[in-house]
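Take a look at the model below.

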Amino acid sequence: MIRVTHDRAEWARTREALLPSIHEIDRSATRIWFHFFPLLLADAFARSEKPAQLARELRLDGSYRLADQIDTSHWFLYGHRYWPQVKAAIITRVNVASSDQDLSTVVRDIARDVASALSVDESLAAGIAAVGLMTLQQVGMSAFRTISGGSGEAQVQTGLAGRSPAQILAARKKDDRQGFMGLLRGAEQRRYTVRFDERGDDARFTAINSQHLTTASANDPRDYPPAARRCHEGPIPVECRTASCGTCWIGVLAGADKLSDVEKQEARRMKEFGYLDSAEAKPLIRLACQTMASGNVTIVIPSWNGFIGKAGLGGM
C-alpha cells in the first residue's frame, strides 16, 4: 500500500520535481495551495490534545481545517474539475500500490490514470493529483472518502466552463485597455482589474496604478459578509494595513510580475506569520496591504489567517 505519511522535506522535493510536468495553467495554483494548507499546521493539530487552545495560541481565524473543505479547497485549480476522478484514482492506488514507491512516481501514476480515463493531457491532472495525496495525508482515509461539499463537476458549469487552458492563460496575461480617457489621465491614473475568483465574471475590482491591493479592494462597494470573525473591506479581509495582522495574505495566480517588489517589512512579517520564507522579489504569496498593482492580476484569497510562524510552524 502507498505510504501516506511523507515528511515535509519529501513533499518539498516532490513538489519541485513535479512542477515541470504540471501544466502552466496549474503550476502557480498548485504551489499556492501547498502554502494555503501547510503540512506542519495539520501535524500540529494532529499532535495536540487541546486543538481549540492551539487555535487560540496561533490566533487562527477563518476556515483553517482542510478536513472541512476536502472537496472545495482547490477550487482555483483548473484540475479541480477532475476531482471526483482524482479521489477515485487515489483510493485505488492506496489500496494496491507498493509502499516503497517514490512519491512523485505515485503522483504521476494517479495523473496518468485520470488523464487516460478522461482523455485529457496528463499535465492537466498532475497538480490536482499532488493536492489530492497531500489532502489524504492531512485528513486520513475515512474523511477523504466522504463528500464534504461541491466537487469539481460544479466548476464546469461556472465561469471557467468551455474555456481551454490556453484561453484562460491568454486572458490572465492581458491588461485592460485604457482608452482615450486613460491616456488623458496619464500613467499614474491607469486602471487595472484584479480578479479574485475566476468562476464568476463579477468577482473583480479595479486598482489604480500603484495602488495597494487592500485599498483598491476597500473601494469595492458590494457587500462581502465576513467568514468567521475576519474583517472585510471589499473582498480581501483586512484589519491593520500595516503588515501587523496577517489577515490580508493572498496567492498570486497570475500577474506576479505586475506587482511591486517585496520590501523588507513585508518579507519579515510574512516569515513571522509563517506564510512564506523566500528571497524572491515577486513571490506567489503576498500581503495585499503591502502590494501595489501596475497591471491586471489574478489572485486567490485564502480562507484563514494566523500566526503560525511565531510558533515554529511556518512553511509547507
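**Charged pairs and a sheet**

R15 counts as buried because its relative accessibility is 15% (buried means under 20% relative accessible area, exposed over 50%, partly exposed in between, with a 1.4 Å probe and protein chains only). This is a predicted model: local features need pLDDT of at least 70, side-chain atom pairs count only at pLDDT 80 or more, and totals for chains, interfaces and linings use all residues. Residues are numbered from 1 along each chain as its sequence is written, and side-chain values use heavy atoms, leaving out hydrogens and water.

R15 meets E16 in a salt bridge, 3.5 Å from N to O (a side-chain nitrogen of Lys or Arg within 4 Å of a carboxyl oxygen of Asp or Glu). E16 is partly exposed at 42%. The structure holds 19 salt bridges. Another joins R269 and E272, with the closest N and O atoms 2.4 Å apart. Both sit in helix α13 (residues 264-273), 3 residues apart, so about one helical turn separates them. R269 is buried at 10%; E272 is partly exposed at 23%. A network of salt bridges links R93, D109, R112, D113 and E122.

Now the sheet. Its 5 strands form an open, mixed sheet in the order β3-β2-β8-β5-β6 (strands are DSSP runs of E, at least two residues; helices are runs of H or I, at least four; both are numbered from the N terminus). Two strands pair if DSSP finds at least two bridges between them. β3 (204-208) and β6 (285-287) stand at the edges with a single partner strand each, so one side of each lacks a neighbour in the sheet. Inside the order, β2 (residues 191-195) and β8 (residues 297-300) pair in the parallel sense over 2 bridges. R195 stands opposite T298 in β8.
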